[in-house]
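Here are my notes for your first look at this model. Please keep the structure open while you read.

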Amino acid sequence: MSFISWTDDLSVHIPSVDAQHKNLVGIINNLYDSMQVGKANGVMRKILGDLADYTVTHFSYEERLFKQYAYPDAATHQSSHASLVTQIRELQKQLEGGAPISIKTFSFLKKWLTEHIMKDDQKYSQFLRAKGIQ
Ligand SMILES: [Fe+2]
Ligand SMILES: [Fe+2]
């Protein structure tokens with residue numbers, strides 16, 4: 001079973017965004033599976049790097065839409081993104097310093113992604129769908 005299962009609660013009902021969120025879930029699950037089978041720190045670092053890169057790509061996608069359609073809550077949402085990026089960079093630094101990824105880290109990553117989707121991303125769903133974003 002996957003560490004994070006995709007459920008309808010996570011859907012913002014915008015196919016392009018859901019696809020990106022599913023990718024993020026997939027990368028975290030991949031990281032978790034790698035930990036389970038005891039992959040080397042270097043492998044874990046590479047996957048965490050992929051997660052950080054894809055996070056930035058995804059956040060930029062959302063922020064472009066906010067700008068394009070003048071989403072009223074853009075500033076708050078962007079500061080939430082900035083804080084999430086800082087947290088993932090912090091985790092990268094820890095791993096680079098040789099610290100293993102603990103179960104606590106995985107709980108953090110699960111919360112980090114799912115809470116942002118369910119609390120912040122869900123807020124723009126109605127607004128962007130009304131603009132015809134798919
Ligand atoms: Fe977001
Ligand atoms: Fe998102």
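1. Start with the metal pair. Glu-62 bridges the iron ion (ligand 1) and the iron ion (ligand 2), which lie 3.5 Å apart. The iron ion (ligand 1) is coordinated by Glu-62 (OE), His-77 (NE2), His-81 (NE2), His-116 (NE2) and Asp-121 (OD), at 2.1 to 2.3 Å. Donors are N, O and S atoms within 2.8 Å of the metal (3.2 Å for Na, K and Ca); water is not among the atoms, so sites may look incomplete.

2. A word on the source. This is a predicted model: local features need pLDDT of at least 70, side-chain atom pairs count only at pLDDT 80 or more, and totals for chains, interfaces and linings use all residues. Residues are numbered from 1 along each chain as its sequence is written, chains are lettered from A and ligands numbered from 1 in the order written, and side-chain values use heavy atoms, without hydrogens and water.

3. His-77 and His-81 sit four residues apart in helix α3 (residues 74-96), so about one helical turn separates them. Helices are DSSP runs (H or I, at least four residues), numbered from the N terminus. His-77 is buried, at 3% relative accessible area. His-81 is buried too, at 1%. Buried means under 20% relative accessible area, exposed over 50%, partly exposed in between (1.4 Å probe, protein chains only).

4. Now Thr-55. Its place is in helix α2. Thr-55 is buried, with a relative accessible area of 1%. Leaving aside neighbours within four places in sequence, Thr-55 is in contact (heavy atoms within 4.5 Å) with Leu-24, Val-85 and Trp-112.

Technical notes:
Helix = DSSP H or I, 4+ residues; strand = E, 2+ residues; numbered from the N terminus.
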